[in-house]
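Subject: Handover of a structure

Dear colleague,

Please find below the sequence and structure for your files. A short account of the findings follows them.

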Amino acid sequence: MAEIIRMPKMSDTMEEGVIAAWLKKVGDTVKPGDILAEVETDKATMELESYEEGVLLYIGVQEKDSVPVNGVIAIIGEKGEEYEHLLNGSSSPAETKKEESKPEAKAEEPVKAEKAEAPAEKIDTSSINATVITMPKMSDTMQEGTIASWLKKVGDSVKSGEIIAEVETDKATMELESYEDGVLLYIGVEAGDSVPVDGVIAVIGEKGADYQTLLKAQQGGAKASAPAETKAEPIEEAKAEAPAAKAAPAAPASAPVASASGERVKASPLAKKMAEEKGFDIRQVNGSGEGGRIVKRDIETFVPTAASAAPAAAASAAPALGQESFREEKVSQMRKVIAKRLAESKFGAPHFYLTMEINMDKAVEARKSMNEISPVKISFNDMVIKATAAALRQHPKVNSSWLGDKIRYNDHIHIGMAVAVEDGLLVPVIRFADSLSLSQISNQAKSLGGKAKNKELQPKDWEGNTFTISNLGMFGIDEFTAIINPPDACILAVGGIKETVIVKDGQMKIGNIMKVTLSCDHRVVDGAVGSAFLLTLKGLLEDPVRILV
């Protein structure tokens, strides 16, 4: 007897799972203990084990698609066994046939219309040897992605593990890897265009597979098939006019570079951007990446010849004096998310600000002494992170989040460190900062900062912050206010250390003063709580030996 396989709850917080990959296909024999699929949960990618024996009759969820806990994902039974009644909620095939025959007895036009629509609502794609590729969710805040460039074109062979495109997310430019073997049959998104998470971007399958039917099924049946067909026509026209499309791409800013012979030059978006900024002719650069692809290190080590550098310099000449000019660029995914999240924070959370001066004389001396024996160079920012973590341990109400109908007080301390990058701002996280030494904090801060600037951060590097620090002191900024980084309740804005005349014991003297401003969400943190936190932080930095205890 056929059995329905449902999405199990694989963690205490799991609400839905994403089928990362099917390891069995329809028609395969399955035994208890066999791994059916890999499921991506909110915690990790886990294996879905079969507890049934039989043949895989039906797959209800395509790879990269999500399904809620207890949702139907597959059916296992005997070969040739009818299973449609299980999907319809009937107890046996006979009941399904009775239900299908009832509408025939009534010759009313509305019923006929429903019968006409019924086949389109459920399109059988089991015989189509092709897979729809959708936009994966590459970060916890990602809502859409932009195709920076396609590394494969329609008709190219694709193997599992090959990179088919580069996707610009709100955090970084990441590579889109294929998990399928076959031919790239369809491209649904042009380079430079955006598509929401789970939106269709391509189809991979065997040559000649009926991918249009697959797209109709993906769109959800008869009501969605009309737009799907309309959408597919321009792509067919584009394929018919392939030479013209290569000559005039839709998005010049992110279009593939062509060599003098007309062949495409493989280069990452970062490499293209660096070459443009340096005035290099990217066609002169030799690629060291996979398949001769030009990557960042190739641009960094490239030495242009005088002949190739001269035209580039002329092309980048400044506009004539007095001539008005401007340029407009598409908003990057990172900038979109920064705008959305910070606007929500600024206008959704009632901010208030507390500023305090800290005498850094002893911190300056301590840092100089520690760097004489430390295996890594300790910065003032490292000392601020360590002191902040120690102060948060003493004031847990500051280490909290507003969750609407409840407040979360975090027992762990994960410090988010704002890092300026070319396209905006990233916040990598130093985890369990209160339990780390200054040398360990310095190592992690340098490593994460380098990854952020090189767009090499992974989701685990930027998730889970409970408090954030933004430091602009190195830019000569004395003081500033920062916008709270959700879901944190507070953010600390750190200014530069400045020699200032101070009064101590009735005498004027020169002191090293640093100003810090704490932005607080008044729904969670009150003025007295924030002030007490700053007093503790001030005491730790003015006598830094205490942060080592």
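The notes below cover the nonpolar cores, a helix pair and a sheet. Please bear in mind that this is a predicted model.

Nonpolar cores. The largest nonpolar core has 52 residues, and those touching the most other members are I430, F467, L492 and L534. Helix α12, which spans residues 380–394, gives the most to this core, with seven residues. Beyond its neighbours within four places in sequence, L492 is in contact with V384, T388, F467, T468, I469, S470, V516, T517, L518, L534 and L537. Another core, of 21 residues, lies apart from the largest one; M138, V158, A191 and I204 are among its members.

Helix pair. Helix α12 also packs against helix α13 (residues 438–453), at an angle of about 115 degrees and with the axes 9 Å apart. The crossing of these two helices is right-handed. On the α12 side the contact involves D382, M383, I385 and K386, which meet L438, I441, S442, A445 and K446 of α13. By type, the residues of this contact are five nonpolar, three charged and one polar.

Sheet. An open sheet is formed by four strands in the order β1-β8-β6-β3, with antiparallel pairing. Strands β1 (3–6) and β3 (29–30) are at the edges, each pairing on one side only. Four bridges join β1 to strand β8 (residues 72–77) in the antiparallel sense, and I4 stands opposite I75 in β8.

Yours sincerely

Methods
Residues are numbered from 1 along each chain as its sequence is written. This is a predicted model: local features need pLDDT of at least 70, side-chain atom pairs count only at pLDDT 80 or more; totals for chains, interfaces and linings use all residues. Side-chain values use heavy atoms; hydrogens and water are left out. A nonpolar core is a set of buried Ala, Val, Leu, Ile, Met, Phe, Trp, Tyr and Cys residues joined through side-chain atoms within 4.5 Å. Buried means under 20% relative accessible area, exposed over 50%, partly exposed in between (1.4 Å probe, protein chains only). Contact means heavy atoms within 4.5 Å. Axes are lines fitted to C-alpha atoms, for helices over the stretch in contact, and angles run from 0 to 180 degrees between N-to-C directions. A crossing is left-handed if the near helix is turned anticlockwise from the far one by less than a right angle, and right-handed if clockwise. Ala, Val, Leu, Ile, Met, Phe, Trp, Tyr, Cys and Pro count as nonpolar, Asp, Glu, Lys and Arg as charged, and the others, Gly among them, as polar. Two strands pair if DSSP finds at least two bridges between them.
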